[in-house]
Amino acid sequence: MKKGDSLIDRLNLGSSIGLFEVFPMTNEVVLERLKEAVVKFDVDAVKEACNDALQQKIPPYEILTEGMAKGMEIIGEKYETGEFFLSELIMAGETMKEGMKIIEPYLQAEGKSSKGQVVLGTVEGDLHDIGKNIVASLLRGSGFGVADLGADVPPRRFLEEAEKSNAQIVGMSALLTTTMVKMADTMKALVEAGIRDRLKVILGGAPVNSAYATKIGADAAANDAIDGMAICKKWAGVP
Amino acid sequence: MKWILDESEDQRRDFEMKPRERVTTILDHREADRVPVIMCGNHAGISKGAYEKLCRYIGMTDSSTQIIDRMQQIVEPDERVLEKLGIDFRFIYSKPPRNWKPTEYPDDSYRDEWGIRWRRPPNGYWYDMVDHPLEQANVEDLENYNWPDPTDAGRFEGLEREAKMLYENTDYALATALTGSIYEQSWYLRGLTKFTFDLYRNRAFAERLMDKLLQIHIAFFERFLDSVGKYVQVVFVGDDLAEQKGPSMNPETYRSLVKPRHEKLYRFIKSKTQAKLCYHSCGSVIPFIKDLMEIGVDILTPIQVSAAKMDTQKLKEEFGDRLCFLGGVDSQRVLPFGTTDEVRDEVRKRIRDLAPNGGYILGAVHNIQPEVSPENICAMFEAARKYGQYPIKFAQASRDPPAAVA
């Protein structure tokens with residue numbers, strides 16, 4: 001049998017040789033391919049799988065949550081068990097970003113609500129955004145809507161964006177013991193504006209911990225990006 | 001916690017080594033008169049904010065503040081401060097190049113020799129990168145990039161005379177400031193996300209960029225060590241490979257792409273000097289330690305004890321017969337936020353764990369940051385002097401069950 005004849009070969013080669021009219025892939029197969037591609041950081045395969053999934057009329061939200069997010073879960077597990085490292089989290093974030101570019105317009109057209117709206121930023125005076133960027137990618141890849149305000153974000157910007165986007169979660173990041181005090185300022189701004197009680201607030205970054213979160217009246221502090229994603233998912237009521 | 005203190009402390013003071021002899025003895029994995037200490041250089045030193053408070057505290061109001069690392073705002077302490085604290089090291093720094101000046105911007109930012117712009121936020125302690133000049137570059141662009149000139153004669157002006165003078169007229173251990181980063185400098189130039197991507201999916205670019213840096217560092221060290229190599233006892237190099245929880249890059253990626261370049265550079269350095277090689281990486285570096293030892297690293301610093309698995313007792317047990325340690329006094333919690341008693345306990349713990357049989361130079365984990373009080377700095381060095389006398393009599397106490405920890 002020459003290469004390309006077996007069912008397996010046809011499935012793996014995907015739409016590039018137009019076999020789908022003969023052997024249409026099940027949704028599960030396409031989503032499985034997407035998941036695998038995310039885990040392997042294979043950007044081209046992710047793009048291809050996203051396009052194939054859309055072509056097969058899989059709802060965009062399902063492509064995200066049943067495909068990419070499943071891949072992300074595996075990466076999170078491997079990070080937790082020490083098989084993967086920060087470098088793999090960065091790769092996963094970048095890989096998913098490419099998939100999101102393809103799905104996002106359809107997601108918006110579909111109008112299906114996301115798992116929740118998150119406002120993210122590194123606090124004022126702090127320019128460190130590597131960790132925060134990874135969290136943004138992971139949350140988007142898990143089905144959250146994310147407004148990423150960047151670095152050096154003053155308290156009123158968090159407040160404005162939380163009001164504007166009607167967010168459920170505000171995430172603040174700080175790398176420095178000197179800048180983490182700005183998290184308290186942001187908390188104060190949220191309280192004064194009267195929107196604190198309808199929000200969950202999560203902190204991230206090396207100097208923060210649960211005790212600090214409690215002290216300033218935030219809801220949680222994440223140990224790392226994966227933990228942060230898990231906490232947000234828990235709040236959103238997703239397994 | 002129970003500490004078994006040596007009662008014959010006064011008798012041991014009868015023989016006192018000179019700092020250089022103390023350091024070289026320790027680095028040969030032998031016990032000296034006491035544990036040597038460090039608070040200078042650009043990665044085992046002190047920040048401007050902490051230093052100015054320290055000077056006021058010890059009543060030295062006429063000390064000038066000379067910044068030796070602008071990005072980190074690190075100062076070279078006044079000779080009198082170093083003497084007062086009993087610091088065993090003095091550092092040698094290369095000079096600024098003749099044919100290049102930083103570009104200054106009005107928002108307290110500047111562009112460095114590599115073309116990277118750094119900005120300090122208002123009230124910030126240091127400068128952070130705000131752009132990465134090679135972010136959009138391809139392999140060909142690397143050939144035409146305006147690289148720093150490692151052989152610029154200004155860098156080495158008067159260095160040999162200075163090193164010779166320090167070697168012949170003082171008893172201090174001499175060290176060279178940290179330089180020679182390959183992995184970190186690559187991502188500074190490229191951006192961390194982009195360079196991580198390169199390491200996985202654009203290897204030709206990653207390898208070419210790292211080769212460029214290797215070439216530059218070798219050209220620098222060739223001249224630098226021609227000037228100072230025969231006078232120095234420690235050469236600092238480094239590349240941060242880890243973070244709080246563990247490696248920041250996959251150790252396999254390190255082994256296949258970065259380690260061979262580190263090895264070339266370190267072998268070259270060791271061909272030019274008898275000095276010991278001290279490698280700096282923050283974070284939890286455990287999976288890299290054997291690799292580093294294989295490629296010629298003699299001393300590991302800063303021993304970030306607050307990072308995962310950085311247990312000094314275990315580090316000493318596993319690597320202490322071949323690897324020396326420098327740093328180790330917790331700077332993430334104890335030095336900035338602890339009491340002087342906690343600082344003293346921390347010093348005793350590190351001495352107990354790391355100092356037996358030599359191989360330990362005590363100092364803060366990395367540079368001392370501005371919120372560290374002068375009281376805590378003085379407590380650290382007083383405790384090091386008191387409890388660092390060999391033989392370390394309370395070493396056995398480490399097998400006692402630890403006291404309740406909050």
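**Note on the predicted model**

1. Start with Val232(B). Val232(B) touches Ile92(B), Ala163(B), Leu174(B), Ala175(B), Thr176(B), Thr273(B) and Ala275(B), leaving aside residues up to four places away in sequence. Bear in mind that this is a predicted model.

2. The largest nonpolar core holds 183 residues. Leu34(A) and Val232(B) are the residues with the most contacts inside this core. Helix α9 of chain B, residues 203-228, supplies the largest share of the core, 10 residues.

3. Where does this core lie relative to domain 1 and domain 2 of chain A? Domain 1 (1-111) and domain 2 (113-239) of chain A both give residues to the core, so it lies between them. As background, nonpolar side chains tend to be buried together in soluble globular proteins.

4. Now chain A as a whole. Chain A has 10 helices and 5 strands. Its length is 239 residues, and 49% of them count as buried. Take the contacts in chain A with a separation of 6 or more: residues 24 or more positions apart account for 73% of these.

5. Ala184(A) sits in helix α8 of chain A, which covers residues 181-192. Is Ala184(A) buried, exposed or partly exposed? Ala184(A) has 17 other C-beta atoms within 10 Å. A buried residue needs 20 or more, and an exposed one has 12 or fewer. Ala184(A) is therefore partly exposed.

6. Ala184(A) and Pro105(A) are 79 residues apart along the chain. Their C-alpha atoms are separated by 36 Å.

How values were computed
Residues are numbered from 1 along each chain as its sequence is written. Chains are lettered from A and ligands numbered from 1 in the order in which they are written. This is a predicted model: local features need pLDDT of at least 70, side-chain atom pairs count only at pLDDT 80 or more; totals for chains, interfaces and linings use all residues. A nonpolar core is a set of buried Ala, Val, Leu, Ile, Met, Phe, Trp, Tyr and Cys residues joined through C-beta atoms within 7 Å. Helices (H or I, at least four residues) and strands (E, at least two) are DSSP runs, numbered from the N terminus. Domain bounds come from an automatic or database domain assignment. Two residues are in contact if their C-beta atoms, placed from the backbone, lie within 7 Å.
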